[in-house]
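Okay, thanks for staying on, everyone. Let me put the model up and then walk you through a few spots.

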Amino acid sequence: MNIFQFLLLGCVFASGTSADVYSLVSSISWVPKTPALVDQSTIFNGTYYLSDRSNAGVHVISLSNNTQRMIIGGFHTGLVNGSASSDLSGPNGLIVLPNRNELYVGDGDGSIKVISLLTNTIIANISTGFQTRADELAYDPISQTVVATNPSEPTVSVSIINATSRFVIGNISFPVALALEQPAFNPFDSKFYVSVPISNSNLGGALAVLNLTSLSVVSTIPVPECRNAGIAFGASNQLFLGCSASQLDAFGFAASYVMDVSTGTIVSNISGVTGNDQVTYSSSTGWFYAAAFQDVLANGTATPRVAVIASNGTLLQSIMTDDSVAHTVAVDEQTGTLVVPVQARGILVYSLAGIRKNTGSSTASGISATEIAKSDAPKRSVNVMLLVGAGIAWFDLLL
Ligand SMILES: *[C@@H]1O[C@H](CO)[C@@H](O)[C@H](O)[C@H]1NC(C)=O
Ligand SMILES: *[C@@H]1O[C@H](CO)[C@@H](O)[C@H](O)[C@H]1NC(C)=O
Ligand SMILES: *[C@@H]1O[C@H](CO)[C@@H](O)[C@H](O)[C@H]1NC(C)=O
Ligand SMILES: *[C@@H]1O[C@H](CO)[C@@H](O)[C@H](O)[C@H]1NC(C)=O
Ligand SMILES: *[C@@H]1O[C@H](CO)[C@@H](O)[C@H](O)[C@H]1NC(C)=O
Ligand SMILES: *[C@@H]1O[C@H](CO)[C@@H](O)[C@H](O)[C@H]1NC(C)=O
Ligand SMILES: *[C@@H]1O[C@H](CO)[C@@H](O)[C@H](O)[C@H]1NC(C)=O
Ligand SMILES: *[C@@H]1O[C@H](CO)[C@@H](O)[C@H](O)[C@H]1NC(C)=O
Ligand SMILES: *[C@@H]1O[C@H](CO)[C@@H](O)[C@H](O)[C@H]1NC(C)=O
Ligand SMILES: *[C@@H]1O[C@H](CO)[C@@H](O)[C@H](O)[C@H]1NC(C)=O
């Protein structure tokens with residue numbers, strides 16, 4: 001046991017919390033260059049895929065040996081004054097169609113690129129008819145239908161795509177929505193839900209439930225004071241809603257939610273976790289994962305992190321990240337391995353620790369001493385927050 005481990009152990013007893021659920025196993029260097037702008041990521045069959053606008057391609061990384069196999073190019077660069085742009089550059093959102101061995105990736109010119117995962121090549125270019133980026137995606141494996149968002153259009157819309165024919169069936173526009181975020185397919189009611197961060201009728205955010213037959217929004221579920229970005233379904237009808245940074249500006253508090261979409265009721269309030277973009281769920285652990293890259297403490301100090309959250313809303317761990325490229329998180333469905341990109345450190349791979357103890361109830365800001373310490377263990381200087389009764393103290397450990 002070295003001094004650092006000894007201090008950590010001390011923290012465990014001092015704060016009454018127990019071991020981390022994740023630990024860092026690999027940092028994969030950026031190739032070809034360190035990106036300024038990445039978008040979504042996912043894991044399928046032990047392979048990690050990350051959209052990287054700065055490199056105009058999708059990174060393909062084998063998690064068996066944590067090695068980058070290739071970067072799939074062929075995306076629309078859409079440079080604005082020499083730099084990649086969120087509205088016009090690709091690749092953007094991505095999703096695997098597991099029963100088809102295909103990856104759908106939104107591109108900067110409104111098209112969607114279909115990649116065969118057997119050859120890692122683009123095999124189709126689906127035009128949605130929109131000129132700005134096609135972004136985030138959801139898939140119903142039964143009807144083999146994809147929903148893609150068009151969030152940079154003057155009137156935000158979604159495109160409905162037949163994955164068998166690769167034809168656009170139609171589009172649904174959202175005249176009252178002021179932004180569009182993640183769509184998600186709910187296998188428990190076979191409906192698509194679209195995250196609407198803000199609309200003229202719901203300033204805190206809403207979920208739009210789609211009917212693909214009538215090509216319309218059949219119902220709108222209001223979300224309380226969230227400005228929801230990423231959404232992900234867990235167990236039956238349980239939707240994790242990652243609230244975005246504008247929640248703090250608009251409503252003055254930080255929280256994310258689990259909603260039972262069959263009733264519209266908030267069943268968990270994860271206090272302290274905000275500033276989210278992509279969120280995900282892994283059936284291997286039964287946990288939600290939130291890329292809270294714009295999270296802040298109550299006093300305004302930035303705490304960019306990936307929050308690991310149990311299905312009952314208990315915060316299990318915070319993995320400290322950055323507020324630039326760490327707005328995406330992916331988790332392996334088989335192994336629970338977690339991957340998050342951090343600009344200055346590369347693509348970080350975390351494995352589940354051998355012993356999985358829960359950390360008890362979540363804290364005021366939701367972070368425990370061991371969580372921060374171990375998450376940042378490779379760094380020389382580590383901020384450790386100790387929980388002393390209701391008070392919170394920060395220490396800077398120089399190692
Ligand atoms: C890593 O693993 C992948 C898939 O198993 C394999 O194709 C690749 O050659 C391996 N790379 C190295 C450097 O071992
Ligand atoms: C591009 O650069 C020009 C000149 O500096 C500036 O006027 C213009 O606003 C920039 N365009 C965008 C979209 O940033
Ligand atoms: C993924 O795994 C399934 C089941 O083993 C296999 O049928 C499929 O071909 C694999 N796809 C890829 C892209 O590896
Ligand atoms: C893909 O489709 C778009 C139309 O949405 C078109 O502008 C673009 O040139 C196509 N790209 C390729 C590589 O064919
Ligand atoms: C909407 O969907 C139709 C298919 O019905 C497609 O042809 C059209 O280009 C789409 N896009 C726009 C912007 O209308
Ligand atoms: C999708 O296209 C296939 C092949 O053209 C067709 O058989 C199927 O009915 C279509 N599905 C939907 C949902 O439109
Ligand atoms: C969806 O639209 C179709 C066609 O208009 C309609 O028959 C059906 O009842 C609608 N479903 C729901 C759940 O509203
Ligand atoms: C969630 O908790 C926060 C306090 O952290 C509170 O301000 C907010 O109103 C709660 N939201 C709901 C829907 O209960
Ligand atoms: C905010 O609070 C943290 C934790 O108490 C502390 O370390 C940090 O210095 C504070 N920042 C400011 C600007 O007060
Ligand atoms: C919440 O879930 C965690 C992890 O599964 C568990 O350890 C904890 O006891 C649960 N808390 C409550 C209040 O049920």
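This is a predicted model: local features need pLDDT of at least 70, side-chain atom pairs count only at pLDDT 80 or more; totals for chains, interfaces and linings use all residues.

Residues are numbered from 1 along each chain as its sequence is written, chains are lettered from A and ligands numbered from 1 in the order in which they are written, and side-chain values use heavy atoms, with hydrogens and water left out.

So, the core. A nonpolar core here is a set of buried Ala, Val, Leu, Ile, Met, Phe, Trp, Tyr and Cys residues joined through side-chain atoms within 4.5 Å. Buried means under 20% relative accessible area, exposed over 50%, and partly exposed in between, with a 1.4 Å probe and protein chains only. The largest core has 18 residues, and the ones touching the most other members are Tyr22, Trp287, Tyr289, Val308, Leu338, Val340 and Tyr350. Strands β23 (287-292), β24 (305-309), β25, β27 (338-342) and β28 (346-352) each put in at least two residues. Strands, by the way, are DSSP runs of E, at least two residues, numbered from the N terminus.

Stay on Tyr22, Trp287 and Tyr289 for a second, as they form one aromatic cluster. Rings of Phe, Tyr and Trp (its six-membered ring) pair if their centres lie within 6.5 Å; planes under 30 degrees apart are stacked, over 60 edge-to-face, and the rest tilted. That rule gives six aromatic pairs. Take Phe185 and Phe192: the centres are 5.0 Å apart and the planes sit at 55°, so we call that pair tilted. Both Phe185 and Phe192 are buried.

Then there's Tyr193 with Phe233, at 5.3 Å between centres and 70° between planes, so that one is edge-to-face. Tyr193 is in strand β15 (residues 191-196) and Phe233 in strand β18 (residues 228-233), so the pair ties together parts 40 residues apart in sequence. Tyr193 is buried at 3% relative accessibility, and Phe233 is buried too, at 11%.

Back to β25, residues 315-320, where Gln317 sits. Buried or exposed, this Gln317? Buried, because its relative accessibility is 0%. What does the side chain of Gln317 contact? It makes a polar contact of 3.3 Å with the side chain of Asp20, a polar contact being a pair of N or O atoms within 3.5 Å; within protein, one must be able to donate a hydrogen and the other to accept it, and residues adjacent in sequence count only if both atoms are side-chain atoms. A polar atom of the Gln317 side chain also lies 3.1 Å from the backbone nitrogen of Val21.

Last stop, the ligands. Around ligand 7 we have Asn211, Thr213, Ser214 and Val218, where "around" means a heavy atom within 4 Å. A ligand 7 oxygen is 2.4 Å from a side-chain N or O of Asn211, and an oxygen of ligand 7 is 3.4 Å from one in Ser214. On its own ligand 7 has 360 Å² of accessible area, and the protein covers 37% of it, with areas from the Shrake-Rupley method with a 1.4 Å probe.

Ligand 6 has Asn162, Ser165 and Ile169 around it. One of its oxygens is 2.3 Å from a side-chain N or O of Asn162. Alone, ligand 6 exposes 360 Å², and the protein buries 38% of that.

Note on methods
Helices (H or I, at least four residues) and strands (E, at least two) are DSSP runs, numbered from the N terminus.
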